[in-house]
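Here is a short report on one protein chain.

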Amino acid sequence: MNITAYTVEKINDAFGILSGDRFEFMLELAKDEEDELFQDGDVSIKALFKVEDDEEQLMKYDLIKSSDGEVLSFELEEEEIETVKAFCSEHWQEAKED
(Lines give C-alpha, C1' and ligand atoms only; values in the text may rest on other atoms or scores of the structure.)
Protein backbone atom coordinates (compact mmCIF):
# COMPACT_ATOMS: atom_id res chain seq x y z
CA MET A 1 0.00 0.00 0.00
CA ASN A 2 1.37 3.37 -1.02
CA ILE A 3 -0.16 6.55 0.45
CA THR A 4 0.32 9.38 -2.05
CA ALA A 5 -1.40 12.28 -0.24
CA TYR A 6 -3.29 12.92 2.97
CA THR A 7 -5.14 15.38 5.14
CA VAL A 8 -5.57 15.26 8.91
CA GLU A 9 -7.92 17.22 11.14
CA LYS A 10 -8.49 17.13 14.87
CA ILE A 11 -12.12 16.39 15.68
CA ASN A 12 -13.55 18.94 18.07
CA ASP A 13 -15.43 17.45 21.03
CA ALA A 14 -17.66 20.45 21.78
CA PHE A 15 -19.29 18.75 24.77
CA GLY A 16 -16.16 17.25 26.30
CA ILE A 17 -17.68 13.79 26.63
CA LEU A 18 -15.04 11.80 24.75
CA SER A 19 -11.77 10.81 26.36
CA GLY A 20 -8.55 11.53 24.49
CA ASP A 21 -8.17 13.32 21.18
CA ARG A 22 -9.55 12.08 17.88
CA PHE A 23 -8.25 12.77 14.41
CA GLU A 24 -9.77 12.20 10.99
CA PHE A 25 -7.41 11.20 8.20
CA MET A 26 -8.16 11.10 4.49
CA LEU A 27 -5.48 8.99 2.80
CA GLU A 28 -5.19 8.83 -0.98
CA LEU A 29 -3.77 5.55 -2.26
CA ALA A 30 -1.64 4.88 -5.31
CA LYS A 31 -3.57 2.79 -7.79
CA ASP A 32 -2.53 -0.85 -8.04
CA GLU A 33 -3.84 -2.30 -11.30
CA GLU A 34 -3.54 -5.85 -9.94
CA ASP A 35 -5.61 -5.18 -6.81
CA GLU A 36 -9.36 -5.79 -7.19
CA LEU A 37 -9.95 -2.92 -4.77
CA PHE A 38 -9.08 -0.50 -7.59
CA GLN A 39 -11.20 -2.09 -10.32
CA ASP A 40 -13.68 0.82 -10.24
CA GLY A 41 -11.10 3.62 -9.99
CA ASP A 42 -9.13 5.44 -7.32
CA VAL A 43 -9.65 4.62 -3.64
CA SER A 44 -9.08 6.62 -0.46
CA ILE A 45 -9.13 5.62 3.18
CA LYS A 46 -11.04 7.63 5.77
CA ALA A 47 -9.55 6.76 9.16
CA LEU A 48 -10.50 7.73 12.70
CA PHE A 49 -7.48 7.74 15.02
CA LYS A 50 -7.50 8.21 18.81
CA VAL A 51 -4.69 9.47 21.03
CA GLU A 52 -5.11 9.23 24.80
CA ASP A 53 -2.19 9.57 27.19
CA ASP A 54 0.49 7.30 25.70
CA GLU A 55 -1.94 5.09 23.78
CA GLU A 56 -2.77 5.41 20.10
CA GLN A 57 -5.55 3.49 18.39
CA LEU A 58 -6.93 3.18 14.89
CA MET A 59 -10.60 3.20 15.84
CA LYS A 60 -12.25 2.84 12.45
CA TYR A 61 -11.54 3.07 8.75
CA ASP A 62 -13.59 3.10 5.58
CA LEU A 63 -12.45 2.48 2.03
CA ILE A 64 -14.02 5.11 -0.19
CA LYS A 65 -14.30 5.27 -3.97
CA SER A 66 -12.74 8.64 -4.79
CA SER A 67 -14.98 9.40 -7.76
CA ASP A 68 -18.30 9.46 -5.88
CA GLY A 69 -17.60 8.94 -2.16
CA GLU A 70 -19.20 5.49 -2.08
CA VAL A 71 -18.06 3.41 0.90
CA LEU A 72 -16.69 0.11 -0.37
CA SER A 73 -17.32 -3.20 1.39
CA PHE A 74 -13.68 -4.30 1.35
CA GLU A 75 -11.55 -5.00 4.40
CA LEU A 76 -7.86 -4.23 4.63
CA GLU A 77 -5.42 -7.03 5.37
CA GLU A 78 -3.74 -6.99 8.79
CA GLU A 79 -0.46 -5.71 7.32
CA GLU A 80 -2.32 -2.87 5.58
CA ILE A 81 -4.13 -1.95 8.81
CA GLU A 82 -0.76 -1.74 10.57
CA THR A 83 0.53 0.50 7.76
CA VAL A 84 -2.43 2.87 8.21
CA LYS A 85 -2.00 2.88 11.99
CA ALA A 86 1.73 3.62 11.70
CA PHE A 87 1.06 6.42 9.21
CA CYS A 88 -1.53 8.02 11.49
CA SER A 89 0.81 7.67 14.46
CA GLU A 90 3.51 9.55 12.56
CA HIS A 91 1.27 12.38 11.33
CA TRP A 92 -1.51 13.15 13.85
CA GLN A 93 0.55 15.98 15.38
CA GLU A 94 0.13 17.91 12.11
CA ALA A 95 -3.62 18.30 12.68
CA LYS A 96 -5.22 21.69 12.90
CA GLU A 97 -8.19 22.17 15.18
CA ASP A 98 -11.49 23.31 13.64
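## The nonpolar core

In this predicted model, the largest nonpolar core holds 22 residues. Phe 25, Ile 45, Ala 47, Tyr 61 and Val 84 touch the most other members. Which elements give two or more residues to this core? They are β1, β2, β3, β4 (55-65) and α1 (78-91). Strand β3 gives the largest share, with five residues.

Val 84 shows what such a position touches. Neighbours within four places in sequence are left aside here. Val 84 is then in contact with Met 1, Leu 27, Ile 45, Ala 47, Leu 58 and Leu 76.

## The overall plan

The protein chain has one helix and six strands. What pattern do they follow along the sequence? The order is β-β-β-β-β-α-β.

The chain has 98 residues, and 34% of them count as buried. Its accessible surface comes to about 6,600 Å². Carbon and sulfur atoms account for 42% of that surface.

Ser 44 sits in strand β3, which spans residues 43-52. Is Ser 44 buried or exposed? Ser 44 is buried, because its relative accessible area is 9% and the cut-off for buried is under 20%. Its side chain makes a polar contact of 3.1 Å with the side chain of Ser 66. Beyond four places in sequence, Ser 44 is in contact with Met 26, Leu 27, Glu 28, Asp 62, Leu 63, Ile 64 and Ser 66.

Ile 64 is one of those contacts, and it lies in strand β4. Ile 64 is buried too, with a relative accessible area of 11%. Ile 64 and Ile 45 are 19 residues apart in sequence. In space, their C-alpha atoms are 6.0 Å apart. Leaving aside neighbours within four places, the contacts of Ile 64 include Met 26, Asp 42, Val 43, Ser 44 and Lys 46. Gly 69, Glu 70, Val 71 and Leu 72 are also among them.

## A buried lysine

Lys 50 lies in strand β3. What is its relative accessible area? The value is 14%, so Lys 50 counts as buried. A polar contact of 3.1 Å joins the side chains of Lys 50 and Glu 52. The two side chains also meet in a salt bridge, at 3.1 Å from N to O. Glu 52 is partly exposed, at 27% relative accessible area.

Residues up to four places away in sequence are not counted in what follows. Lys 50 touches Ser 19, Asp 21, Arg 22, Glu 55, Glu 56, Gln 57 and Met 59. Glu 24 is 26 residues from Lys 50 along the chain. Their C-alpha atoms are separated by 9.1 Å.

## Salt bridges

How many salt bridges are there? The count comes to six. One of them joins the side chains of Asp 21 and Lys 10, at 3.3 Å from N to O. Asp 21 lies in strand β2 and Lys 10 in strand β1, so the pair ties together parts that are 11 residues apart in sequence. Asp 21 is partly exposed, with a relative accessible area of 32%.

Asp 68 forms a salt bridge with Lys 65. Their closest N and O atoms are 3.8 Å apart. Lys 65 counts as buried, at 14% relative accessibility. Salt bridges that share partners join Lys 65, Asp 68 and Glu 70 into one network.

## A nonpolar patch on the surface

Which residues form a nonpolar patch on the surface? They are Phe 15, Ile 17 and Leu 18. Together they have about 400 Å² of accessible area.

Ile 17 lies in the loop between β1 (3-11) and β2 (21-29). Its relative accessible area is 68%, so Ile 17 is exposed. The cut-off for exposed is over 50%. Ile 64, in contrast, is buried at 11%.

Technical notes:
Residues numbered from 1 in each chain as written. Predicted model: local features only at pLDDT ≥ 70, side-chain atom pairs only at ≥ 80, totals over all residues. Heavy atoms only, no water. Helix = DSSP H or I, 4+ residues; strand = E, 2+ residues; numbered from the N terminus. Buried < 20%, exposed > 50% of the residue type's maximum accessible area, 1.4 Å probe, protein only. Areas by Shrake-Rupley, 256 points an atom, 1.4 Å probe, with all protein chains shown as cover. Patch = residues over 30% accessible without salt bridge, like charges linked within 9 Å, V, L, I, M, F, W, Y side chains within 5 Å. Salt bridge = Lys/Arg side-chain N within 4 Å of Asp/Glu carboxyl O. Polar contact = N/O pair within 3.5 Å; in protein donor to acceptor, adjacent residues only side chain to side chain. Contact = heavy atoms within 4.5 Å. Core = buried A, V, L, I, M, F, W, Y, C linked by side-chain atoms within 4.5 Å.
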